[in-house]
2 protein chains.
Amino acid sequence: MPDTPDAKVAGEAKPVGAGRQLLFLREEELRLAQDLLFFGYRDFTAGPDAILAELGMGRAHHRVLHFVGRRPGITVGDLLAILGITKQSLGRVLTPLVEEGYVTQTPGRNDRRQRLLTLTEKGEALERRLFERQREWVMRAYREAGPVAVEGFRRVMRGLMGPEARAQLDRSLQPAPRPDAPQPKRRSAA
Amino acid sequence: MPDTPDAKVAGEAKPVGAGRQLLFLREEELRLAQDLLFFGYRDFTAGPDAILAELGMGRAHHRVLHFVGRRPGITVGDLLAILGITKQSLGRVLTPLVEEGYVTQTPGRNDRRQRLLTLTEKGEALERRLFERQREWVMRAYREAGPVAVEGFRRVMRGLMGPEARAQLDRSLQPAPRPDAPQPKRRSAA
DNA sequence: CAGAAATGTCAACAAAGCTGACCAAAAACG
DNA sequence: CGTTTTTGGTCAGCTTTGTTGACATTTCTG
């Protein structure tokens, strides 16, 4: 089956009959998924990792830059919920990022306890650099696989996420909720 | 079918025209890919992680169990190449796995320097338990997404892998190479 | 004002990577 | 045969990024 290096990676070439969606999940196919996720994720992160290493940073810094860039003005608490780590762990990467001028903290206008996080120009520049590296990589994969495969990829990856992550993802697709507008007493969803 | 809370995650519903495969890669779509991979991979590994934690093990142990299970009789060197770590790092998880009876080492028959690695019954049982947990998770995602999406997922994940990982994947799909047959002087592909 | 919430910080620990140095057994080479 | 290379293991020390637990500060809220 792995005849040509690319064509139908390891999927049965059987015409996908209507009702038999339960049979195509044989053990080998699941094991293949494990392999794909391990190797794929590892190589997906390798590019940025190399850039970060030169700057004495790690993947955790990238994640902060990424999610702060995605939701400028995000609160520390929300960032913690997204990353799913403790504030001590976050502090260890966030504090240096602030000290070295990649991220700014500004007190919230409604709630001055909050430190709203935003990328500085320097932070945006680095985030963009990391993004571009990763973009090339993903673009290659997308191009090779084609638009239909990309849509399938998204659907499956989304299915691999737990309900909380899905909610967070949906939220991050919303048009950021006016960080200074009077907000209706949000209960932290953790 | 999954038009319910899932349909078209965040993809443009535009009919995928023929030649415009270069345009559909807008920035937001790439950022979505980053999010999907982060959350998806994290939640994909969460199940096994929980089981492993009870046994005082980590993800690294799972990887060893997985790849030894996949290629019984694998040499330490080959396992190192697959995992892409140093032998010291491997030693820290492999030695305990051997000591606690999950993995056996038997000297190679052609090359008695080699320690061919195989799962014991205990090792197979644990690997299977981890596998089943992950299977349920992946199955849910596959079912929700449908067979066509699964094929797309595979194609994209494979594209995200670097050339070396692809080669290793192909090799692991081969019918394991008779660990005791006289082998034709393999040059280590590091 | 009292208490809860948002954030920060100190200390200690763990998992899983890394480098460098060094050793032994077995194979391969000349 | 003797030398060199390969395979694998081990010790020691360092790094990143996660964890708990305890405690302080500021600010909001009832």
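Two residues are in contact if their C-beta atoms, placed from the backbone, lie within 7 Å. The views below show a predicted model, in which local features need pLDDT of at least 70 and side-chain atom pairs count only at pLDDT 80 or more, while totals for chains, interfaces and linings use all residues. Residues are numbered from 1 along each chain as its sequence is written, and chains are lettered from A and ligands numbered from 1 in the order in which they are written.

**View 1. Contact of α6(A) with α5(B)**. Helices (H or I, at least four residues) and strands (E, at least two) are DSSP runs, numbered from the N terminus. In α6(A), the residues A:Gly152, A:Arg155, A:Val156, A:Gly159 and A:Leu160 meet B:Trp137, B:Arg140, B:Ala141, B:Tyr142, B:Glu144 and B:Ala145 of α5(B). This contact comprises 6 nonpolar, 2 polar and 3 charged residues, where Ala, Val, Leu, Ile, Met, Phe, Trp, Tyr, Cys and Pro count as nonpolar, Asp, Glu, Lys and Arg as charged, and the others, Gly among them, as polar. The axes of helix α6 (residues 147-160) of chain A and α5(B) cross at roughly 140° and come within 8 Å; axes are lines fitted to C-alpha atoms, for helices over the stretch in contact, and angles run from 0 to 180 degrees between N-to-C directions. The two helices α6(A) and α5(B) are therefore oblique to each other (angles under 35 degrees count as roughly parallel, over 145 as roughly antiparallel, 65 to 115 as roughly perpendicular and the rest as oblique). Their crossing is right-handed; a crossing is left-handed if the near helix is turned anticlockwise from the far one by less than a right angle, and right-handed if clockwise.

**View 2. Packing of α1(A) with α6(B)**. Helix α1 (residues 27-54) of chain A packs with α6(B) at an angle of about 45°, the axes being 7 Å apart. That angle makes α1(A) oblique to α6(B). The crossing of α1(A) and α6(B) is left-handed. On the α1(A) side stand A:Leu36, A:Leu37, A:Gly40, A:Asp43 and A:Phe44, which meet B:Arg154, B:Met157, B:Arg158 and B:Leu160 in α6(B). The residues of this contact divide into 5 nonpolar, 1 polar and 3 charged.

**View 3. The side of chain B that touches chain A**. In chain B, 55 residues are in contact with 54 residues of chain A. Elements that each supply at least two residues of this side are α1 (27-54), α2, α5 (121-145), α6 (147-160) and α7 (163-173) of chain B. The largest share, 14 residues, comes from α6(B). By class, this side of chain B has 30 nonpolar, 11 polar and 14 charged residues.

**View 4. The axis relating chain B to chain A**. Chain B is superposed on chain A by a rotation of 180° with 0.0 Å of shift along its axis (RMSD 0.0 Å); copies are superposed by least squares on the C-alpha atoms of residues with pLDDT of at least 70 in both. The two copies are thus related as by a two-fold rotation axis. In chain B, the C-alpha of B:Phe153 is the nearest to the axis, 1.8 Å from it. The same surface serves both copies, as 96% of the contact residues of chain B recur in chain A.

View 5. A residue is near a molecule or strand if its C-beta atom, placed from the backbone, lies within 6 Å of it. The largest share, 4 residues, comes from α4(A). By class, the surface has 4 nonpolar, 14 polar and 7 charged residues.

**View 6. Surface near DNA strand D**. DNA strand D is surrounded by 26 residues, the closest being A:Gly58, A:Ala60, A:Ser89, A:Arg112 and B:Gly77. Two or more residues each come from α2 (59-70) and α4 of chain A and from α3 (76-83) and α4 of chain B. The residues of this surface divide into 4 nonpolar, 14 polar and 8 charged.
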